[in-house]
Amino acid sequence: MRADEEHAYVQYVSSRVLALRRTAYHLCGDWHEAHDLVQGALIKLYRHWAKVSAADSPDAYVRQVLVNVFLQQRGTWWSRNVRLFAEPDDRPAPEPGTEHRIDLRAALDKLAPGQRAVLVLRYWEGLDVAQTARVLGCSTGTVKSQTSYAIAAMRRLMPDYAWEPR
């Protein structure tokens with residue numbers, strides 16, 4: 001990579017890394033895993049930076065790479081079965097008024113990775129159905145059905161939560 005391309009890459013990553021970590025956290029529910037997901041996505045981004053930097057929307061490309069890394073990782077035997085050490089409870093005490101957020105996070109963790117990805121992209125990232133379909137590489141109908149299934153699952157997991165239509 002040329003020096004000017006490398007500089008552009010570093011500038012882009014510096015400006016977007018916090019948002020990428022936040023999205024990764026919403027996908028996986030663990031800050032350490034989120035960091036690993038972002039690192040995997042940034043490695044892939046570095047390899048294809050010339051193509052990505054010329055694209056109309058580098059953010060859309062990077063988001064798609066991040067979701068793909070998450071889905072690929074969740075599909076491996078290693079990630080489902082192997083933990084090298086006990087994971088410490090490093091979550092800070094909740095702030096007042098966050099009890100629903102904690103419940104939502106716990107319920108989100110119980111969803112299938114694809115359903116979780118649909119909800120994160122649609123409601124945390126604010127993407128519409130077509131944008132979500134492009135990121136996930138599926139049809140808009142699949143996004144709609146997975147969103148419906150995921151919301152139904154969330155309602156079953158949190159029956160006492162006051163669900164309001166958006």
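**Walking through the chain**

Mentor: The chain has nine helices and zero strands, where helices (H or I, at least four residues) and strands (E, at least two) are DSSP runs numbered from the N terminus. This is a predicted model, in which local features need pLDDT of at least 70 and side-chain atom pairs count only at pLDDT 80 or more, while totals for chains, interfaces and linings use all residues. Residues are numbered from 1 along each chain as its sequence is written, and side-chain values use heavy atoms, with hydrogens and water left out.

Trainee: What is the mean pLDDT of the chain?
Mentor: The mean is 81, and 81% of the residues reach 70 or more. pLDDT is the predictor's confidence in each residue, from 0 to 100.

Trainee: Which element has the lowest mean pLDDT, and which the highest?
Mentor: Helix α5 (residues 77-81) has the lowest, at 46, and helix α2 (residues 31-47) has the highest, at 92. Over residues 77-86 the pLDDT is below 50, and this stretch has six contacts in the model beyond near neighbours in sequence. Contact here means heavy atoms within 4.5 Å.

Trainee: OK, new topic. At what angle do α1 and α2 pack?
Mentor: Helix α1 (residues 3-28) packs with α2 at about 145°, and their axes are 8 Å apart. Axes are lines fitted to C-alpha atoms, for helices over the stretch in contact, and angles run from 0 to 180 degrees between N-to-C directions.

Trainee: Which residues make that contact?
Mentor: From α1 they include Tyr9, Val13, Val17 and Leu20, and from α2 they include Trp31, Leu37, Val38 and Leu42. The residues of the α1 and α2 contact divide into 15 nonpolar, one polar and four charged. In that scheme Ala, Val, Leu, Ile, Met, Phe, Trp, Tyr, Cys and Pro are nonpolar, Asp, Glu, Lys and Arg are charged, and the others, Gly among them, are polar.

Trainee: How many salt bridges are there?
Mentor: The count comes to four, a salt bridge being a side-chain nitrogen of Lys or Arg within 4 Å of a carboxyl oxygen of Asp or Glu. One of them joins aspartate 59 and arginine 16, at 3.2 Å from N to O. Aspartate 59 lies in helix α4 (residues 58-74) and arginine 16 in helix α1, so this pair ties together parts that are 43 residues apart in sequence.

Trainee: And what does glutamate 125 pair with?
Mentor: Glutamate 125 forms a salt bridge with arginine 63, with the closest N and O atoms 3.4 Å apart. Glutamate 125 is in the loop between α7 (113-124) and α8 (129-136), and arginine 63 is in helix α4, 62 residues apart.

Trainee: Is arginine 63 buried or exposed?
Mentor: Arginine 63 is buried, with a relative accessible area of 17%, whereas glutamate 125 is partly exposed at 26%. Buried means under 20% relative accessible area, exposed over 50%, and partly exposed in between (1.4 Å probe, protein chains only).

Trainee: What about arginine 2: buried or exposed?
Mentor: Arginine 2 is exposed, at 51%. Arg2, Asp4 and Glu5 are linked in a network of salt bridges.

Trainee: Last one: where does threonine 147 lie?
Mentor: Threonine 147 lies in helix α9 (residues 140-157) and is buried, with a relative accessible area of 5%. Leaving aside neighbours within four places in sequence, threonine 147 is in contact with Val118, Leu119, Arg122 and Tyr123.
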